[in-house]
Amino acid sequence: MTAQPKPMISIIVPVYKVEKFLRPCVDSILAQTFRDFELILVDDGSPDGCPALCDAYAVQDSRVRVIHQKNGGLSCARNTGIDAAQGAYLAFVDSDDWVHPEYLSQMYQAITSQQADLVICSVEDRTLEGPSFVPPHLSQPAQAGCFSGSQLLGAMLQPSGTYYRVSWNKLYDARLWQTLRFPVGQIGEDDATAPYYLMASKRVVCLDTPLYYYRLSPESICRSDAQPRNFDWVSAKLEWLEFFTQHQPQLADQTLALAVQQFLQLIAQFHSQPNRWDLTIKRTAMQWRLHKLKSQILHCTALSWRTRLSALRWIYHPFPIPKAQHPRAGLVLPGDFQPTQLGQTSASRGGEYTALCSAIFKTAQAQSCQELVVFAPDTAAFAKLASQQKQILILPCAASHRKQMKQISRLGVSNLATPTHPDTAQRLLAELQS
């Protein structure tokens with residue numbers, strides 16, 4: 001049996017609760033003048049009629065492939081599509097948006113004629129029902145043309161930065177995604193990945209033609225009401241800071257300023273809201289991460305002195321911890337316990353320490369505990385882990401055993417693990433995982 005030739009382009013569309021808009025999206029893709037593509041519809045456990053619609057399209061058009069999976073979020077669905085893609089080039093389209101009939105044709109012509117790694121097209125915002133705004137709302141490049149990816153990193157920080165950061169107005173050489181994936185479990189996934197594929201792109205073509213239509217929906221993730229997960233946007237900026245410090249240090253101050261300003265905006269936004277457990281976790285984790293950068297904040301010339309002092313004030317501000325609504329488990333780490341002692345590297349993002357917390361939390365859940373408090377000697381070292389977790393609150397160890405036990409009692413911790421040595425912690429991990 002002759003093997004089917006692989007498609008030139010793989011288009012990945014995550015699908016979740018978009019029954020009203022899925023047909024216009026898929027129809028616009030199937031109507032492309034460029035025909036050599038596969039359309040991968042990733043049904044992310046959608047509870048409406050979307051799964052059946054996806055299957056119906058697969059029956060009607062052999063270019064459509066459908067993957068059904070348990071709900072894991074937008075990043076998880078995109079990653080599933082990347083893993084399944086067979087094309088030499090990749091594109092992402094959100095399932096409530098649609099594209100111009102020449103979307104693929106013009107992007108493919110640009111990426112091949114310029115021997116580029118990446119092509120970016122302009123975006124037109126549309127109303128919920130589809131018509132254009134008057135005047136049109138466009139996301140366009142600061143300058144059209146062909147550039148190196150490293151030249152465009154600074155453009156991400158500018159007012160027109162959306163054009164460069166979002167993932168869905170682009171045609172990628174699939175090799176850019178060989179090792180890169182979207183971060184699962186947090187918003188700001190576009191911000192988290194953009195620096196990496198831009199830096200890896202030797203040639204990027206920027207088009208000023210609007211070929212992608214973005215539907216402005218009240219339910220849009222990036223325009224949703226104040227939620228604790230919005231601190232993920234600050235986290236993404238701090239990831240940028242690490243990236244730029246290594247690759248383009250001249251952008252570090254500006255990036256830190258964006259993170260601090262966003263942090264202060266969120267602090268003000270949540271100040272009058274009830275203190276919930278999920279808010280406490282996100283806010284406290286971000287405080288610890290910024291605490292580690294306090295010297296850089298103090299000397300950040302991209303911030304006014306007033307903003308710098310305000311940031312330092314709120315980094316140290318002790319927010320109240322809500323009373324336990326569910327049983328809480330606790331983990332007290334010894335004073336000489338550091339992530340490096342469990343083999344953590346910057347690339348592993350927590351390494352075995354993440355596994356330790358996860359294993360203890362699973363054990364705590366089995367005992368009906370829904371919340372985990374970790375008392376760590378170096379909170380800043382573990383803050384990134386906390387910002388990625390929904391149930392883990394990182395707090396500093398108390399100055400004495402007596403104060404520690406009073407704090408544990410006050411927080412309502414009912415199940416406690418207290419390894420007294422790093423080796424003990426490692427053995428505890430092995431016991432919990434066995």
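Guide: Quick ground rule first: helices (H or I, at least four residues) and strands (E, at least two) are runs from DSSP, numbered from the N terminus. The model is predicted, so local features need pLDDT of at least 70 and side-chain atom pairs pLDDT 80 or more, while totals for chains, interfaces and linings use all residues. Residues are numbered from 1 along each chain as its sequence is written, and side-chain values use heavy atoms, leaving out hydrogens and water.

Visitor: Where does Ser95 lie, and is Ser95 buried or exposed?

Guide: Ser95 sits in the loop between strand 4 and strand 5. Buried means under 20% relative accessible area, exposed over 50%, and partly exposed in between (1.4 Å probe, protein chains only). Ser95 has 6% relative accessibility, so Ser95 counts as buried.

Visitor: Which backbone oxygen does the side chain of Ser95 reach?

Guide: Contact here means heavy atoms within 4.5 Å. Leaving out residues up to four places away in sequence, Ser95 touches a group including Val13, Phe21 and Cys25. At 3.0 Å, its side chain reaches the backbone oxygen of Pro14.

Visitor: Why is strand 10 largely enclosed by the rest of the structure?

Guide: Strands pair if DSSP finds at least two bridges between them. Strand 10 pairs with strand 6 in the parallel sense over 8 bridges, and with strand 8 (residues 145–147) in the antiparallel sense over 3 bridges. As for being enclosed, that is because the buried residues of strand 10 number 9 of the 12.

Visitor: How many residues are in the largest nonpolar core?

Guide: A nonpolar core is a set of buried Ala, Val, Leu, Ile, Met, Phe, Trp, Tyr and Cys residues joined through side-chain atoms within 4.5 Å. In the largest one, the members touching the most others include Ile11, Leu39 and Tyr212. Strand 10 (204–215) and helix 1 (19–30) are among the elements that each supply at least two residues of this core. The count for the largest core is 41.

Visitor: Which residue forms a salt bridge with Asp83?

Guide: A salt bridge is a side-chain nitrogen of Lys or Arg within 4 Å of a carboxyl oxygen of Asp or Glu, and the structure holds 12. Asp83 is in helix 3 (residues 74–84) and its partner in the loop between strand 9 (170–173) and helix 7 (189–200), so the pair ties together parts 98 residues apart in sequence. Asp83 is exposed at 56% relative accessibility. With the closest N and O atoms 2.9 Å apart, the partner is Arg181.

Technical notes: Polar contact = N/O pair within 3.5 Å; in protein donor to acceptor, adjacent residues only side chain to side chain.
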